[in-house]
Amino acid sequence: MLPPNFVATCKRHRVVLSIAFLIVFPLLMPFKAIAVNILIYGLFALGFNLMFGTLGLLSFGHAALFGAGAYACGIAIVHFGAPWWAGILGGTLGGMAIAALIGALAIRTRGIYFAMVTLALSQCVYFLAYQATAWTGGENGLRGVELSRIAAFGHSINFVDPLTRYYVVAFFVALALFILSRILASPFGAVLEAVRENEARARACGYDVRATRFMAFVISGGFCGLAGALQALHLSIVPIETLYYQTSGLVVMMALLGGMGTFFGPFVGAGVFLLLENLVSLWTVHWQLFVGAAFVACVLFFPRGIWGTLLMGRAK
Amino acid sequence: MEGLSLDLVVLQLFTGLALGAIYVLLALGMSLLFGMLTVVNFAHGAFYMLGAYVGIMLLGVGFNFWLCLLFVPLVVGSVGLLCERFLIRRLYGRGIDYPLLLTFGLSYIMVECVRIVFGTTGLQFDTPDALVGATDIGIGYFPTYRLFVIAVTFVVLGLLWLFLERTPYGLIIRAGARDPQIVRILGIDVARVWLVVFGIGTGLAALAGLLAAPLQGASPEMGNSILAEAFVVTVVGGMGSLVGAVIAGLLVGVVVAMTSLLAPEMAQVSIFALMAVVLLIRPQGFFGRAGLMS
């Protein structure tokens with residue numbers, strides 16, 4: 001076992017450790033593209049977890065937030081010739097805007113209905129994007145989100161190089177992680193947990209539960225939108241499937257696999273999920289069978305997820 | 001609007017009712033599971049898909065369509081029984097989200113298993129010979145098979161109503177939905193009741209899938225988009241309300257059919273627009289208990 005003061009040291013320097021990990025991470029992965037994928041989906045899962053893990057509302061419509069970010073970024077670049085940073089900003093705002101629209105309706109419901117209503121509304125977004133071929137490319141997806149060089153502060157970076165691309169994405173993910181950890185540590189973060197733990201009591205304390213949920217959903221949309229925008233830049237195309245409900249399911253699986261009650265759990269879940277998908281699809285096309293089985297096993301036996309179980313084991 | 005005769009509208013109304021009948025069967029099963037077990041079944045679409053494929057399998061070994069109508073719900077319902085007994089039962093009392101997540105994972109497994117057995121491409125499902133063609137319904141000719149779908153749904157509805165309202169088993173099921181603890185104290189094995197209810201719910205989904213197969217063919221993904229639509233129906237009708245499921249199912253079917261007549265590209269979106277309107281005006285749905293949703 002690890003000595004106890006080692007754990008304490010790790011905890012104290014977790015920001016430095018996280019940054020160090022982000023720097024070394026692509027060198028540990030079989031190929032760089034998967035490292036980028038893990039970062040993007042990790043951020044997406046983190047944004048999702050703000051609703052499920054922190055606020056206790058299970059959303060099955062986060063594909064709409066992720067997809068809105070991807071499409072907003074793609075449309076800004078393809079149709080308006082916007083610079084890359086405007087694409088990323090647009091994606092983040094796009095995610096928040098769609099979250100505000102869906103949230104305004106969905107937070108009228110609670111618990112299980114929230115899952116169903118968010119799912120239905122995200123499907124609505126999917127069909128709308130499917131029809132708006134002039135803007136979204138419809139069934140073929142939005143093509144041509146090309147970005148070969150990034151100019152910032154007088155320097156120009158080659159975005160095609162996998163490792164450089166990784167570090168650009170990692171910069172934004174690290175920034176988002178930092179903002180999210182500040183939000184969770186703020187009084188607002190405490191209110192979120194209060195609403196999850198005891199809604200009636202939070203209301204009795206004078207907090208507007210509905211407004212809190214709405215705010216959280218919009219913030220979650222910002223993180224997911226950013227993840228979507230990075231995804232669009234990474235893939236140089238926005239497939240229509242980004243908005244489909246399978247994407248919502250994917251992020252639920254990742255968050256639960258990793259452990260939704262923890263900060264880094266969703267990230268770990270995204271990593272394990274994508275690595276598992278890659279490994280299994282090497283020897284069978286039916287990887288979904290294994291992923292589904294792993295997920296069912298996780299729900300049955302490890303409801304805290306991988307990261308959560310590890311943390312639990314350490315706490316004992 | 002020009003070129004839009006009353007006859008055409010009425011015919012489209014019937015098309016909507018046929019589509020609605022499929023929704024009714026799906027939403028009934030879903031509402032039963034939620035009302036009795038408080039399980040939101042995300043694998044409902046997968047059971048629907050399984051219904052179509054088990055139908056193809058049974059037709060392949062020499063069953064006719066009429067026997068399929070009986071055996072498909074039985075076979076798929078048994079699969080549902082196994083899932084409840086060995087997987088979902090472990091999760092009762094662990095929060096409402098866990099059965100939902102479990103059934104979601106289950107749907108992945110079921111869809112992939114069907115892909116392994118039947119391949120990834122969709123299969124055609126022939127309309128049974130006796131139901132090919134169109135019947136004169138007074139205002140014009142209407143596909144016989146769609147009339148048949150409406151008829152079967154109403155027969156199933158009648159049988160289900162008789163079972164729930166007029167038999168001792170139905171009494172136990174209704175009591176179990178109201179207060180499982182009291183029922184348990186009265187010496188009834190509630191776990192067994194829930195098992196049966198799960199079988200009925202999944203069986204109804206399978207029947208819906210079998211009935212839909214001649215209209216749209218069978219593919220492993222056929223349950224995916226209809227799951228969201230079935231959710232809309234249950235939310236509009238009011239979660240857990242069987243009457244609500246029936247009325248909302250037919251209404252959603254008619255709304256889709258009418259929008260496809262007037263603005264085909266908006267047909268899919270209209271379902272969700274309807275839900276948004278209902279949520280704004282009456283968050284608990286038509287027949288849901290007030291306060292259950294918010």
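1. **Ground rules.** This is a predicted model: local features need pLDDT of at least 70, side-chain atom pairs count only at pLDDT 80 or more, and totals for chains, interfaces and linings use all residues. Residues are numbered from 1 along each chain as its sequence is written, while chains are lettered from A and ligands numbered from 1 in the order in which they are written.

2. **Chain B, elements.** Chain B has 11 helices and two strands. Helices (H or I, at least four residues) and strands (E, at least two) are DSSP runs, numbered from the N terminus. Along the sequence the pattern reads α-α-α-α-β-β-α-α-α-α-α-α-α.

3. **Chain B, overall form.** The radius of gyration of chain B is 19 Å, close to the 19 Å from the globule rule for 294 residues, so chain B is as compact as a globular protein of that length. The radius is taken over C-alpha atoms, and the rule is 2.2 Å times the number of residues to the power 0.38. The C-alpha trace of chain B spans about 65 × 50 × 35 Å along its principal axes. Of its 294 residues, 49% count as buried. A residue is buried if 20 or more other C-beta atoms lie within 10 Å of its own, exposed if 12 or fewer, and partly exposed in between; C-beta atoms are placed from the backbone.

4. **Chain A.** Here there are 15 helices and four strands. A compact globule of 316 residues would have a radius of gyration near 20 Å; chain A has 19 Å, which agrees. Its C-alpha trace spans about 50 × 45 × 45 Å along the principal axes. Of the 316 residues, 48% count as buried.

5. **One residue in chain A.** A:Leu274 sits in helix α13 (residues 265–283) of chain A. Is A:Leu274 buried or exposed? It counts as buried, because it has 20 C-beta neighbours inside 10 Å. A:Leu274 touches A:Ile34, A:Asn37, A:Ile38 and A:Tyr41, leaving out residues up to four places away in sequence. Two residues are in contact if their C-beta atoms, placed from the backbone, lie within 7 Å.

6. **Where the chains meet.** The contact takes 33 residues from chain B and 34 residues from chain A. On the side of chain B, the elements giving two or more residues are α4 (97–118), α9 (222–237) and α11 (267–281). The largest share, 14 residues, comes from α4(B). By class, this side has 25 nonpolar, three polar and five charged residues. Ala, Val, Leu, Ile, Met, Phe, Trp, Tyr, Cys and Pro count as nonpolar, Asp, Glu, Lys and Arg as charged, and the others, Gly among them, as polar.

7. **The core.** The largest nonpolar core has 193 residues, and A:Ala120, B:Leu26 and B:Val232 touch the most other members. Such a core is a set of buried Ala, Val, Leu, Ile, Met, Phe, Trp, Tyr and Cys residues joined through C-beta atoms within 7 Å. Helix α1 (residues 6–37) of chain B gives the largest share, 17 residues. A:Ala120 touches B:Ala228, B:Phe231, B:Val232, B:Phe272 and B:Met275, not counting residues up to four places away in sequence.

8. **A helix pair.** α1(B) packs with helix α10 (residues 242–262) of chain B at an angle of about 145°, their axes 6 Å apart. Axes are lines fitted to C-alpha atoms, for helices over the stretch in contact, and angles run from 0 to 180 degrees between N-to-C directions. The contact of α1(B) with α10(B) has 18 nonpolar, seven polar and no charged residues.
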